[in-house]
Amino acid sequence: MNMYDIIYKKREGGVLDKEEIEFFIKGYSNGSIPDYQAAALLMAIFLKKMNRTETYELTKAMKESGDVVDLSAIRGVKVDKHSTGGVGDKTTLIVGPLAASCGVHVAKMSGRGLGFTGGTVDKMESIPGFRTVLKSEEFISLVNKTGLSVIGQTAHIAPADKKLYALRDVTATVDDLSLITSSIMSKKLASGSDAIVLDVKWGNGAFMKSFEDASRLGELMVEIGKNDGKKTIAVITDMSQPLGYAVGNSLEVIEAIETLKGNGPQDITDLSLTLASYMIFAGERSVSPEEGYQKAKHALESGAALSKFAEFIEGQGGDPKVINDYTLFPQPSYSSEIYAKEAGFIGSTDAMTIGLASQHSGAGRATKEDIIDLSAGIMINKKVCDKVEVGELLATVYGNDRERVKKGSLEAIAAFHIQSNKPEYVPLVKRVIQ
Ligand code: URA
């Protein structure tokens with residue numbers, strides 16, 4: 001077998017078999033296949049597409065390129081949750097405690113933010129003392145004790161994805177259904193949970209710009225998860241405006257805490273209860289998602305989920321006093337407010353523009369090596385459908401670098417589109433694939 005023939009076959013629209021896909025992943029992982037041949041194959045896949053069997057074999061080969069975590073020492077059904085990425089998405093910090101306080105075991109590995117999207121690991125690190133690197137025994141023992149632990153993903157999980165993702169990023173081959181599916185699912189399947197709830201985003205702040213494409217991605221990921229013996233559910237959700245009002249690390253943790261206190265924005269609260277309901281169902285703690293929803297709602301209203309969040313912070317070395325004292329979070333030195341120049345209704349708030357403005361204010365990285373400002377970000381004051389008057393506050397940009405805050409605020413203003421008529425309401429959750 002050689003790489004030239006594999007590239008040629010895909011270029012001509014052929015279907016790659018298991019052995020060819022394994023040959024490619026093994027060879028690229030061990031360095032015997034160079035970047036230029038891998039890039040050529042990625043582009044051929046992008047243009048000629050892979051079928052479902054090829055996508056499954058690619059996912060499996062990538063999963064097997066590294067460690068497959070053994071969580072058998074954790075009692076019961078282990079449930080993971082994953083979002084395909086968005087702006088202001090702090091739901092893991094809410095659904096983890098919601099599901100865990102209903103008896104679900106959540107052993108989650110999360111990533112850091114890159115580009116315009118944030119990452120859960122960075123958000124959690126804005127809590128003083130919080131550790132996201134734990135030995136596997138400590139991770140397992142925390143899940144057994146509190147029902148919840150979230151750690152950073154190690155380099156040993158699906159290392160082929162790490163290399164391939166970097167190559168896709170510079171060869172315009174990121175937004176392909178099979179390549180995204182294999183990238184996400186190889187890591188999820190290697191992470192050892194029994195069930196996975198996927199939040200598949202669509203809209204200008206997501207990889208998938210249309211609902212139809214996000215649905216196809218959700219269907220494919222559910223099928224691949226099931227083929228690997230995992231209960232997999234995909235919830236297709238809107239990411240055409242940022243989730244909630246807060247974008248940026250400590251700002252988002254504070255909004256997550258407010259949500260757990262019952263004071264959260266409607267969109268975040270609704271989405272978190274929906275995702276938690278499917279986690280509770282997948283974790284066999286309810287007979288239906290509807291019953292799961294009622295349990296999650298009770299956990300929110302009774303304060304059980306907030307107590308679980310405190311336990312979770314303490315378990316990972318963080319200071320649970322942050323829950324009642326937000327001054328313990330990293331504080332920004334500068335802020336810049338942006339105001340409406342015309343009256344009307346917010347027709348749209350471009351999520352990607354807000355994500356980039358937040359990144360440029362200091363909250364995100366352009367490269368993996370960048371050091372981020374945990375206090376930086378944007379507080380939105382007006383959401384889509386809200387009425388605005390001339391001179392009303394639209395958003396405030398925060399951070400510790402005056403120039404960056406200014407740059408962020410100049411960019412953020414372009415995200416708000418004001419129109420004379422009230423726009424049609426777009427439901428946040430449009431479809432669930434089970
Ligand atoms: N997230 C991933 O991990 N991989 C992709 O390809 C897209 C989003």
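K383 and D267 form a salt bridge through their side chains, with nitrogen and oxygen 2.9 Å apart. Keep in mind, as you look at this pair, that the model is predicted. Between domain 2 and domain 3 the count of salt bridges is 2. Polar contacts also cross this interface, where 11 residue pairs are found, both partners having pLDDT of 80 or more.

Which elements each supply at least two residues of the side of domain 2 that touches domain 3? They are two helices and a strand, α6, α11 and β6, and here is where to find them in the chain:

| Element | Residues |
|---|---|
| α6 | 120–125 |
| β6 | 246–247 |
| α11 | 249–260 |

Of the elements on this side of domain 2, α11 gives the most, with 3 residues.

Now step back to the whole chain, which is divided into domain 1 (3–49), domain 2 (79–323) and domain 3 (331–419). The C-alpha centres of domain 2 and domain 3 are 24 Å apart. Where the two meet, 26 residues of domain 2 are in contact with 27 residues of domain 3.

How much area is buried between domain 2 and domain 3? The figure is about 2,000 Å², and carbon and sulfur atoms give 59% of it.

Conventions: Residues numbered from 1 in each chain as written. Predicted model: local features only at pLDDT ≥ 70, side-chain atom pairs only at ≥ 80, totals over all residues. Heavy atoms only, no water. Domains from an automatic or database assignment. Contact = heavy atoms within 4.5 Å. Buried area = accessible area lost by both parts, 1.4 Å probe. Salt bridge = Lys/Arg side-chain N within 4 Å of Asp/Glu carboxyl O. Polar contact = N/O pair within 3.5 Å; in protein donor to acceptor, adjacent residues only side chain to side chain. Helix = DSSP H or I, 4+ residues; strand = E, 2+ residues; numbered from the N terminus.
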